[in-house]
Amino acid sequence: MTTTQPQDPTTAGFTPGPVERLAHQLLAALAQHRMACTHQLHVLLRPDRSRQSVSERLNELLGKHLVDFVVLPQSNRTRVWYLTPKGARLTRDWPALRGRPPYPIHSATAASLKTPHTLTVLRTHLQFVADARRRGDEHGHLDWTPEVFHSIGDGEKVVADAVMHYTLTGGQQRRKLRAFVEVDRATMSSERLAAKLIEYARLWTYDPQPAGRRRHPTVQGWLRWYPVFPRVLFVLTGAGRQAMDNRISDLKAMVAHHPLVADLAREVPLGAVVLDDLEEHSPTADVWVPLAGGEPRPWTEL
């Protein structure tokens with residue numbers, strides 16, 4: 001979607017900058033992303049300031065019992081921060097987080113169980129944030145929403161690891177892009193990973209009709225949230241290069257052989273990338289494998 005409209009001034013206050021206090025942004029980022037280590041919060045919110053300035057604000061919030069932390073094992077005492085129930089209650093009704101269910105973590109044990117996947121999803125987000133800053137695009141700390149649920153009928157749901165909103169800027173035109181992001185740490189079988197494509201294809205065709213009403217075949221459920229169906233991006237890590245290449249091959253095979261997924265791929269961009277390549281180059285480098293076939297390219301050109 002391309003527009004030439006000026007930026008909505010009501011959203012500008014929720015992008016990192018001097019207009020909004022760092023403590024407020026830290027609470028908002030933790031409410032949005034669930035958990036983050038100090039380094040990630042520094043890169044996300046204040047890359048031009050000292051890391052100490054972020055640590056000081058976090059310790060102040062800790063003293064007010066709004067945040068807590070666990071220490072990552074074998075990490076030189078790296079702290080991973082999260083909201084306490086008190087912090088979750090405070091942020092629940094903030095305008096930028098409206099509709100985002102509160103997610104308080106009640107114990108260090110619960111935090112530790114969620115840490116590896118949550119931090120990897122945020123690690124992926126940071127690559128898009130850094131690339132947007134270099135390019136002058138719009139993508140900030142609240143433009144990435146983890147754990148988004150959508151119904152696909154029969155009591156089932158598809159759960160995206162994240163939904164990304166990104167605005168390309170160039171000249172007088174602004175192109176708005178959206179993506180469902182799946183971060184795979186090789187903790188499930190390759191077959192189960194590829195089956196995620198079937199779930200997205202079901203969401204693409206899902207037409208929720210109340211019982212007893214005349215069917216209206218042109219109304220898909222996803223139109224309640226998105227003007228255009230988001231592209232689907234797979235980010236792979238946690239295994240050797242050959243294993244990740246095999247997983248990408250299985251994703252491509254699902255596109256080639258499943259009729260509903262093949263239909264989706266004709267209308268919706270689908271791509272996969274290895275996280276190490278994303279970090280070594282950038283999201284807009286030629287590192288994304290189009291699952292419908294073709295040479296690697298930027299995610300914006302899938």
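The structure is a predicted model, in which local features need pLDDT of at least 70 and side-chain atom pairs count only at pLDDT 80 or more, while totals for chains, interfaces and linings use all residues. Residues are numbered from 1 along each chain as its sequence is written, and side-chain values use heavy atoms, with hydrogens and water left out.

**Overall make-up**

The protein has nine helices and ten strands; helices (H or I, at least four residues) and strands (E, at least two) are DSSP runs, numbered from the N terminus. Of its 302 residues, 47% are buried, where buried means under 20% relative accessible area, exposed over 50%, and partly exposed in between (1.4 Å probe, protein chains only). Among contacts with a separation of 6 or more, 61% join residues 24 or more positions apart; contact means heavy atoms within 4.5 Å.

**A three-stranded sheet**

Strands β2, β4 and β3 form, in that order, an open sheet with antiparallel pairing; two strands pair if DSSP finds at least two bridges between them. The edge strands, β2 and β3, each pair on one side only. Helix α1 (residues 22-33) packs on this sheet and touches β2, β3 and β4, and its direction makes about 85 degrees with that of β4. Axes are lines fitted to C-alpha atoms, for helices over the stretch in contact, and angles run from 0 to 180 degrees between N-to-C directions.

Strand β4 (residues 79-83) has four of its five residues buried, so it is largely enclosed by the rest of the structure. Its pairing with β2 (residues 36-37) runs over two bridges, and that with β3 (residues 67-71) over five bridges. Some bridge partners are set out below.

| Residue | Bridge partner in β4 |
|---|---|
| Ala36 | Trp81 |
| Val70 | Val80 |
| Val67 | Leu83 |

**The nonpolar cores**

A nonpolar core is a set of buried Ala, Val, Leu, Ile, Met, Phe, Trp, Tyr and Cys residues joined through side-chain atoms within 4.5 Å. The largest has 33 residues, and those with the most contacts inside it are Phe180, Leu197, Phe234, Leu270 and Leu291. Elements giving two or more residues to this core include β5 (144-153), β6 (156-170), α6 (190-205) and α7 (241-257). The largest share, seven residues, comes from α6. A second, separate core of 25 residues includes Ala36, Leu58, Trp94 and Leu142.

Beyond four places in sequence, Phe180 touches residues including His150, Ala160, Tyr200, Phe229 and Leu233.

**The helix pair α6 and α7**

Helices α6 and α7 pack at an angle of about 40 degrees, with their axes 9 Å apart. The crossing is right-handed; a crossing is left-handed if the near helix is turned anticlockwise from the far one by less than a right angle, and right-handed if clockwise. From α6, Ser190, Leu193, Ala194, Ala195, Leu197 and Ile198 meet Asn246, Arg247, Asp250, Leu251, Met254 and Val255 of α7. These residues comprise eight nonpolar, two polar and two charged. Here Ala, Val, Leu, Ile, Met, Phe, Trp, Tyr, Cys and Pro count as nonpolar, Asp, Glu, Lys and Arg as charged, and the others, Gly among them, as polar.

Arg247 lies in α7 and counts as buried because its relative accessibility is 9%. Leaving aside neighbours within four places in sequence, Arg247 is in contact with Asp184, Ala186, Met188, Ser189, Ser190, Leu193 and Leu236.
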